[in-house]
Amino acid sequence: MNIPAFGVGTFRLQGQAAIDSVRNALDVGYRAIDTAQIYENEAAVGQAMAESGVAREDLFVTTKIWVPNYARDKLAPSLKDSLAKLRTDYVDLTLIHWPAPGNGVTIAEFMTALAEAKAQGLTRQIGISNFPIAETREAIAAVGREQIATNQIELSPYLQNAALTAFLKEQGIPVTSYMTLAYGKVLKDPVIGQIADRHDATPAQVALAWALQLGYAVIPSSTKRDNLASNLLATQLKLTADDMAAIAALEHNGREVSPEGLAAAWD
């Protein structure tokens with residue numbers, strides 16, 4: 001995988017909450033940070049990075065292009081604005097945030113523009129987010145599958161996306177799982193709880209370890225330093241085949257996020 005398996009997410013965190021979360025994450029050992037233009041926290045993330053004392057080359061920073069910036073003449077300038085906020089000359093990964101069908105910009109146009117931004121040195125890798133199979137095929141047709149570092153998708157024990165993840169595996173495109181805890185719903189699941197008890201682990205660690213063992217990258221977020229440190233221990237948790245099977249059985253298409261006008265038809 002060209003991207004770190006474990007990072008910290010910043011969705012819904014702004015201002016001091018974002019600064020504190022990223023600072024604490026870096027302090028307890030995270031080195032990958034996920035943000036986006038629409039989160040309106042790139043400046044806060046940049047401040048936390050700058051004040052952390054961690055060398056830029058030791059960090060892996062992801063941002064995502066927002067819909068109004070998809071047009072070819074807007075994408076690279078918007079990414080330059082993001083770099084200024086993040087206080088860096090480049091990001092490690094830039095994603096198209098949503099396919100946004102019908103917004104007037106084709107997948108071919110914005111993927112080509114994203115590849116051009118990479119060629120300019122604004123981003124080291126490029127990828128997609130929330131792309132179903134058909135739209136992923138279009139992205140591949142535009143820039144080649146070897147250019148697509150990841151497809152970042154909602155994925156949890158309740159939404160396992162079997163068709164899409166199988167397709168991505170076949171194409172050699174790594175998966176990044178977001179909302180792996182399903183807005184915290186997974187933490188109250190009795191099956192997850194029983195597995196956690198058996199391993200002397202937390203439910204969050206179990207859900208994250210499940211995704212990691214399937215080969216997915218994860219980007220959980222938290223405003224609490226203790227939770228950030230605890231989540232990171234999921235990398236050391238090894239679930240059994242029975243554990244994995246029990247979690248696989250929790251699938252019920254429990255999608256949490258599907259904004260109208262942004263999401264394409266799901267598989």
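Contact here means heavy atoms within 4.5 Å. I worked with that cut-off on a predicted model.

**Entry 1: contacts and overall form**

I looked up how far along the sequence the contacts reach. Of the contacts in the protein chain with a separation of 6 or more, 77% join residues 24 or more positions apart.

Next I listed the secondary structure. I found ten helices and eight strands in the protein chain. I then checked the radius of gyration, which is 18 Å for the protein chain. The globule rule gives 18 Å for 267 residues, so the chain is as compact as a globular protein of that length. I also took the box along the principal axes. The C-alpha atoms fill roughly 55 × 40 × 30 Å.

**Entry 2: surface and charge**

I asked for the buried share. Buried residues are 58% of the 267 in the protein chain. The chain exposes about 11,400 Å². Carbon and sulfur atoms supply 49% of that area.

I counted charged side chains as well: 22 positive and 29 negative. The centres of the two sets lie 2 Å apart.

I picked Gly-15 in helix α1, which covers residues 15-28. Is Gly-15 buried, partly exposed or exposed? Its relative accessibility is 37%, so Gly-15 counts as partly exposed. I also took the separation of Gly-15 from Glu-260, 245 residues apart along the chain. Their C-alpha atoms are separated by 27 Å.

Then I went to Ser-82, in helix α3 (residues 72-86). Why does Ser-82 count as buried? Buried means under 20% relative accessible area, and Ser-82 has 2% relative accessibility. I looked up its contacts, leaving aside neighbours within four places in sequence. Ser-82 is in contact with Gln-37 and Glu-42.

**Entry 3: aromatic rings**

I searched the whole structure for aromatic pairs and got five. One of them is Phe-11 with Tyr-39. The rings are 5.4 Å apart centre to centre, with 50° between the planes, and the pair is classed as tilted. Phe-11 sits in the loop between β1 (8-9) and α1, while Tyr-39 sits in the loop between β2 (32-34) and α2 (42-52). The pair therefore ties together parts that are 28 residues apart in sequence.

I checked the cover on each partner. Phe-11 is partly exposed, at a relative accessible area of 37%. Tyr-39 is buried, at 11%.

Which residues form an aromatic cluster? I found Tyr-70, Phe-110 and Phe-131 in one cluster.

Technical notes: Residues are numbered from 1 along each chain as its sequence is written. This is a predicted model: local features need pLDDT of at least 70, side-chain atom pairs count only at pLDDT 80 or more; totals for chains, interfaces and linings use all residues. Side-chain values use heavy atoms; hydrogens and water are left out. Helices (H or I, at least four residues) and strands (E, at least two) are DSSP runs, numbered from the N terminus. The radius of gyration is taken over C-alpha atoms; the globule rule is 2.2 Å times the number of residues to the power 0.38. Buried means under 20% relative accessible area, exposed over 50%, partly exposed in between (1.4 Å probe, protein chains only). Accessible areas come from the Shrake-Rupley method with a 1.4 Å probe; for residues, only the protein chains shown count as cover. Lys and Arg count as positive and Asp and Glu as negative; His and the chain ends are not counted. The place of a charge is taken as NZ of Lys, CZ of Arg, CG of Asp or CD of Glu. Rings of Phe, Tyr and Trp (its six-membered ring) pair if their centres lie within 6.5 Å; planes under 30 degrees apart count as stacked, over 60 as edge-to-face and the rest as tilted.
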